[in-house]
Amino acid sequence: MSSNGKKPIVISNGTLIDGTGNVPTRNEAIVIQGNRIKSAGRLLGDIKLEDRDSVEVIDAAGQWIMPGLIDAHTHLSYGNPKVPGETRGRGTTRPEFNTLRAAWNARKVLRSGVTSISVPGGTWFTDVAVRDAIKLGLIDGPRVYCAGRMIVTYGSIEDEEPSWVGTPEHSIGVLCNTAAEMVTEARRQCKHGVNFVKMADSRSGESQTISKEEIAAVVSEAHRRNVRVAIHSRGSASTRAAAEAGVDWIMHTDLATEADLEAVAKAGVRIVPTVTFVERVLEFGREVGQEQIQIDLDRMKRNMDGLVNVLQRARAFGIKVLCGTDTGNYSWMPYGKMHAKEAEILVRYGGYTTIEAITACTRDNAFAVGLENEVGVLEGGKLADVIILKQNPVADIRVLQEPSNLAVVIKDGKKVNLNDHASEEIPLTFQEAVA
Ligand SMILES: [Zn+2]
């Protein structure tokens with residue numbers, strides 16, 4: 001009988017980390033019925049653990065139970081990992097192949113203990129399709145909450161082509177140079193089923209490319225249609241403008257000043273610093289050289305310093321920090337490997353305890369997937385996204401980064417097969433695939 005049938009799952013024993021920030025406690029029983037947690041704590045009277053015909057028991061003795069991880073910043077459809085012969089450009093001119101690859105990526109993410117992801121931008125409406133296919137059970141994967149192509153102006157990130165080319169259909173940006181064009185594009189994306197609209201300012205924060213009025217116009221339109229708005233903003237002025245224009249969350253915020261952070265705090269806007277990506281750029285850049293990755297390492301070093309300051313100051317200002325990684329935005333940001341890196345960074349640079357970092361990646365991140373109060377916490381009534389670990393993440397937060405530490409992954413009340421084909425590395429070349 002499949003675990004999503006009538007038969008409840010009971011997780012007994014082990015140490016419970018419930019995602020609320022509470023200290024870990026001894027777990028008696030977590031009862032999962034259908035796709036929800038029925039109860040956590042004392043075992044309900046009508047369930048008999050000995051009666052294995054009517055209950056599936058997972059014995060977590062000596063293990064750690066916590067909510068499924070959430071990555072507030074993962075891209076599924078940028079066209080990674082690349083196959084030889086594909087162009088360097090973002091996205092791909094082959095949406096059919098790219099969609100299948102995105103579906104594969106999603107399955108890989110789930111097998112690393114990540115049960116929900118927020119996808120701020122991609123090609124075509126690939127992510128909407130992958131989200132819906134997962135929802136319908138055509139493929140398995142994490143819950144997906146996604147944007148469409150990013151709204152950009154001349155000079156924004158992802159405005160990579162000469163002006164006479166603009167942003168071709170297969171790119172992940174879409175040029176909109178007036179508030180009216182932005183609102184039209186936001187409406188088009190809403191029509192196609194995005195969960196949020198992603199806007200994007202300059203690549204590294206060197207200048208502000210979208211005005212506060214333009215952001216506010218998109219926010220007003222999207223919110224009226226019950227769709228949220230997020231923005232790529234590494235700069236100072238753009239971060240303050242985004243906060244004052246009322247976006248739902250700001251990605252990066254590298255160069256935010258005290259006054260900018262004050263504006264963010266006052267507006268009650270969340271931030272997704274995504275330090276993982278910048279740290280990886282610096283690490284990988286040192287390894288292979290600046291030429292190879294084509295990113296200015298000095299500029300990234302400056303942004304890294306800015307981000308460390310932001311992490312520390314955000315705490316003082318009481319700004320909610322969500323955990324994202326930018327997995328999938330380059331071939332060297334592999335799926336299934338980086339998703340919990342941001343938690344380690346919060347501990348290392350932000351002064352977080354490991355329990356606080358876990359809460360940021362679970363309960364707090366639920367906001368970025370539109371499921372606040374539904375996932376990220378293990379208590380009765382919540383959706384049943386649960387992982388069980390062989391090592392203690394409270395003692396060492398890096399435990400969360402290693403899929404081999406996972407004993408069990410449950411998403412939506414269903415156990416994920418951690419040993420199937422999707423857990424393997426895919427061939428890097430067609431030659432390998434044929435061989
Ligand atoms: Zn990104």
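Predicted model: local features only at pLDDT ≥ 70, side-chain atom pairs only at ≥ 80, totals over all residues.
Numbering runs from 1 along each chain as its sequence is written, and side-chain values use heavy atoms, without hydrogens and water.

**Stop 1: the pocket**

Select I134, K135, R143, K411 and D412. Of the 23 lining residues, these lie nearest the pocket centre. (A pocket is an open set of points on a 1 Å grid over the protein atoms alone, where a 1.4 Å probe fits, with protein on both sides within 12 Å along at least five of seven lines; lining residues have an atom within 4 Å of a point.) Next, colour α2 (126-136), β10 (143-146) and β19 (414-415): each gives two or more residues to the lining. Helices (H or I, at least four residues) and strands (E, at least two) are DSSP runs, numbered from the N terminus.

**Stop 2: the zinc ion**

Now select H73, H75 and D326. Their donor atoms, NE2, NE2 and OD, lie 2.1 to 2.2 Å from the zinc ion. (Donors are N, O and S atoms within 2.8 Å of the metal, or 3.2 Å for Na, K and Ca; water is not among the atoms, so sites may look incomplete.) Along the chain the spacing is H-x1-H-x250-D. H73 sits in the loop between β8 (69-71) and α1 (95-110), and D326 in the loop between α9 (297-317) and α10 (341-350), 253 residues apart.
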